[in-house]
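User: Please examine the structure below and answer a series of questions on its helices and side-chain pairs.

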Amino acid sequence: ACIILANSFIAYFFFFPFFFFKQKTAYEIYQCDWSSDVCSSDLANGYFQSGQQAHDNGEYDKAIGLFQQALTIYRELNNRGGEASSLNGLGMCYEDMQEFQDAIDSYEQALAIFQNTGDHVAEGYNLISLGNCYTALDNYQKALGLLAQARDQFIALGDSEGEIKSIRSEGNCLLQFANHAMQDNPQQALGLLNQALSKFRQINDQQGEANVLLSLGNYYDFH
């Protein structure tokens with residue numbers, strides 16, 4: 001679970017690169033005409049940035065409230081980018097709180113927007129987060145399907161960094177799947193461990209490789 005959450009935390013910084021804004025001072029915001037879209041957007045941006053800060057500080061309940069406030073305003077303004085970013089922020093909070101079904105619900109709403117707007121990079125990272133959540137719920141086949149989609153997406157885009165992240169998540173999913181199957185289906189577990197080992201070696205992930213080798217050692221100790 002720690003590996004999954006760490007990957008999701010890294011992915012956080014790839015969900016929002018398209019969404020920076022110039023922060024206004026409190027006095028500038030106070031002077032705004034709140035009937036204008038510009039000031040409403042500034043308010044939403046402020047909620048969103050505060051939500052990011054609260055998330056980074058581990059204040060997840062506070063962050064959820066702020067992201068929801070931002071989401072409401074972005075939807076009123078028909079700001080699709082802001083809406084998707086807020087939904088991803090909510091997904092990150094729920095995932096870090098291990099409320100994985102709520103995280104999936106938020107990520108899926110964001111995914112629909114990314115697909116509709118043609119933001120294929122954000123779509124790929126969103127698929128990784130969805131895959132990580134399904135891994136955490138022990139729905140390994142669903143997770144592997146989503147992660148394979150992400151990998152193929154990044155390969156098509158020529159995005160090597162995204163490709164590496166998707167392969168790492170595939171390796172983590174296969175490893176967890178193998179450990180879960182170790183007692184009831186040892187032959188399946190062995191096959192999954194070898195697949196995981198191949199994934200980690202493909203991206204030169206030595207920590208992931210070491211984790212798989214440890215599980216392989218445990219496998220051979222008992223079989």
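User: What separates glutamate 83 and arginine 80 in helix H5?

Analyst: This is a predicted model, in which local features need pLDDT of at least 70 and side-chain atom pairs count only at pLDDT 80 or more, while totals for chains, interfaces and linings use all residues. Residues are numbered from 1 along each chain as its sequence is written, and side-chain values use heavy atoms, with hydrogens and water left out. Helices are DSSP runs of H or I with at least four residues, numbered from the N terminus. Because glutamate 83 and arginine 80 are 3 residues apart in helix H5, the separation is about one helical turn.

User: At what N to O distance do the side chains of glutamate 83 and arginine 80 meet?

Analyst: A salt bridge requires a side-chain nitrogen of Lys or Arg within 4 Å of a carboxyl oxygen of Asp or Glu. Buried means under 20% relative accessible area, exposed over 50%, and partly exposed in between (1.4 Å probe, protein chains only). Glutamate 83 is buried at 9%, whereas arginine 80 is partly exposed at 32%. Their side chains form a salt bridge with an N to O distance of 3.1 Å.

User: Is lysine 165 buried or exposed?

Analyst: Lysine 165 forms a salt bridge with glutamate 161, with the closest N and O atoms 3.6 Å apart. Glutamate 161 is partly exposed, at 42% relative accessible area. With a relative accessibility of 15%, lysine 165 counts as buried.

User: How many residues apart in sequence are the parts tied together by aspartate 205 and arginine 168?

Analyst: Aspartate 205 and arginine 168 form a salt bridge whose closest N and O atoms are 2.7 Å apart. Aspartate 205 lies in the loop between helix H10 (186-202) and helix H11 (206-222) and arginine 168 lies in helix H9, so the pair ties together parts whose separation in sequence is 37 residues.

User: Which residues does glycine 91 touch, not counting those up to four places away in sequence?

Analyst: Glycine 91 is found in helix H5 (residues 80-96) and is buried, with a relative accessible area of 0%. A contact means heavy atoms within 4.5 Å. Beyond the excluded places, glycine 91 touches Ala103, Ser106 and Tyr107.

User: How far apart are the end C-alpha atoms of helix H4?

Analyst: The expected span of a helix is 1.5 Å times one less than its number of residues. For the 17 residues of helix H4 (residues 60-76) this gives 24 Å, and the end C-alpha atoms agree, being apart by 24 Å.

Terms used: Helix = DSSP H or I, 4+ residues; strand = E, 2+ residues; numbered from the N terminus.
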